[in-house]
Amino acid sequence: MKNVEFIFPEYTNIYGESYNMEYLRRCSPEISIVETHPGDVPLFARGEADMVYMGCMTEEKQEKAIELLIPYRDQLIDAIQKGVIFLVTGNALEIFGTSIEGDEVMSDEKIHIRGLSIFDYKSVRHMKDMRHNSQYIGNFDGMILLGHRSQYSFCYGDFDNYFIDIFKGIGMNPDTKREGVHVRNFFATYSLGPCFIMNPHFLKYILRLLGLDDDIPFEKEAMEAYEYRLNELRRTL
């Protein structure tokens, strides 16, 4: 049985991210989705996770998530180094950087929130500006990946270990085409929502990393929807 840990589902499901886990669960009877709630000892910290998933959250919950995970920072680093699969989506990727800076959500005050400092980049919020909304097309390992974003913040750093090479859209900020983080089997992207449904080829890639057959439910329909979305984005971006 492959244990897939869903970190803080009550915080990290604001764009339907839970359907990444539901779709993954339906791919194989050998997959067990284990929910870790605030106050629980994470599965990865016990060395029992084959994969860890964390999705987008509100700005207020980012600070809470850091507070809950900081005691397990060393175990997080150890799990990443050992090749445990991580998929981190939306602004959840920001908590793995050095800091979150910029505007406070509900006031004119400035913030500086210490991150987990797993990776060397910082996030900057622009809560007084209009929310950025866009879509992207990019490449990872010969796969064309699709994503969409809606955010007030961007990440800044060198991004030497980036995940996706963007050729339509922006990357971690408007000045780079480097999107996300990829270290060993750790994958992070600003893309929101059920990215497995949007990217069936990447889902099959993750299943192979888990050592499972890469058959997925409704594969014909998923591939047709992916091709339609890809063609529309190529036409409009």
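1. Contact here denotes heavy atoms within 4.5 Å. Leaving aside neighbours within four places in sequence, Met54 is in contact with Ile7, Phe8, Thr12, Ala65, Leu69, Leu87, Val88, Thr89, Ala92, Ile95 and Phe96.

2. The model is predicted: local features need pLDDT of at least 70 and side-chain atom pairs count only at pLDDT 80 or more, while totals for chains, interfaces and linings use all residues. Residues are numbered from 1 along each chain as its sequence is written, and side-chain values use heavy atoms, with hydrogens and water left out.

3. A nonpolar core is a set of buried (under 20% relative accessible area, 1.4 Å probe, protein chains only) Ala, Val, Leu, Ile, Met, Phe, Trp, Tyr and Cys residues joined through side-chain atoms within 4.5 Å. The largest such core has 38 residues, of which Phe44, Met54, Phe96 and Phe186 touch the most other members. Two or more residues each come from β3 (51-54), α2, α3 (73-81), β4 (85-89), β6 and β14 (186-189); helices (H or I, at least four residues) and strands (E, at least two) are DSSP runs, numbered from the N terminus. Helix α2 supplies the largest share, 4 residues. Another core, of 30 residues, lies apart and includes Leu24, Tyr136, Phe187 and Ile206.

4. Four strands form an open sheet in the order β6-β5-β7-β10, with mixed pairing (pairing requires at least two DSSP bridges between two strands). Its edge strands, β6 (110-114) and β10 (153-157), each pair on one side only.

5. Strand β7 (residues 121-125) pairs with β10 in the antiparallel sense over 5 bridges, and Val124 stands opposite Phe154 in β10.

Terms used: Buried < 20%, exposed > 50% of the residue type's maximum accessible area, 1.4 Å probe, protein only.
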